[in-house]
Amino acid sequence: MPKVRKKPCRICRRWFQPDARVGERQRACRKPECHLYQPFHPAVLRLIRTVCEAAHQHGKWVGVCGEMAADPLAVALFLGLGVDELSMDPRFIPTIKFAIRQTRRSEAVALTEELLALNNAPQIVSRLEPWSQQL
Ligand SMILES: [Zn+2]
């Protein structure tokens, strides 16, 4: 049986060990609770955008803290949505800092507009993966 490396689930983004029989083709973890945590669900992205717009209208900044803030896949998205601050465990800071420095805000805004038109989390993750691999 070939050894298959762990990778992030394209729906819930938790790291999982793909089934060796399916290998690299397996994109989601298949855990029953997977659908309950979808950080890249279109409704979550619209909610973050709404919060950023409302906060900025009132002169307030928006910070994101937690697992999603430390996910390199989300960097362009947060820049495009207008998030002002990301908070994460210190071990993730170099990777996220590098990703931010490699991303132009104008390109992030254009990408985010494209993402907000998509219908589900796997589509959004599929679009972000080639973007983050350019880093
Ligand atoms: Zn999952």
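How far apart do the C-alpha centres of domain 1 and domain 2 lie? They are 23 Å apart. Domain 1 covers residues 1-37 and domain 2 covers 42-133, with bounds that come from an automatic or database domain assignment.

Before going further, a word on what you are looking at. This is a predicted model, in which local features need pLDDT of at least 70 and side-chain atom pairs count only at pLDDT 80 or more, while totals for chains, interfaces and linings use all residues. Residues are numbered from 1 along each chain as its sequence is written. The pLDDT is the predictor's confidence in each residue, from 0 to 100. The protein averages 91, and 98% of the residues score at least 70. Confidence is highest in strand β4 (residues 85-87), at 97, and lowest in α5, at a mean of 87. Helices (H or I, at least four residues) and strands (E, at least two) are DSSP runs, numbered from the N terminus.

Now let us turn to the core. A nonpolar core is a set of buried Ala, Val, Leu, Ile, Met, Phe, Trp, Tyr and Cys residues joined through C-beta atoms within 7 Å. Buried means that 20 or more other C-beta atoms lie within 10 Å of a residue's own, with exposed meaning 12 or fewer and partly exposed in between; C-beta atoms are placed from the backbone. The largest such core has 26 residues, of which Leu-77 and Phe-78 touch the most other members. At least two residues each come from α1 (42-57), α2 (75-81), α4 (105-116) and α5 (121-133), and α2 gives the largest share, six residues. Because both domain 1 and domain 2 give residues to this core, it lies between them.

Counting two residues as in contact if their C-beta atoms, placed from the backbone, lie within 7 Å, Leu-77 touches Leu-45, Thr-112, Leu-115 and Leu-128, residues up to four places away in sequence not being counted. Leu-79 also lies in α2 and is buried because 21 other C-beta atoms lie within 10 Å. Beyond its neighbours within four places in sequence, Leu-79 is in contact with Ile-100, Thr-103, Arg-105 and Ala-108.

Finally, follow the chain to α5. Its buried residues are Ala-121, Ile-124, Val-125 and Leu-128, and their cover includes α1, α2 and α4. The 13 residues of α5 should span 18 Å at 1.5 Å a residue, which agrees with end C-alpha atoms 18 Å apart; the expected span is 1.5 Å times one less than the number of residues.
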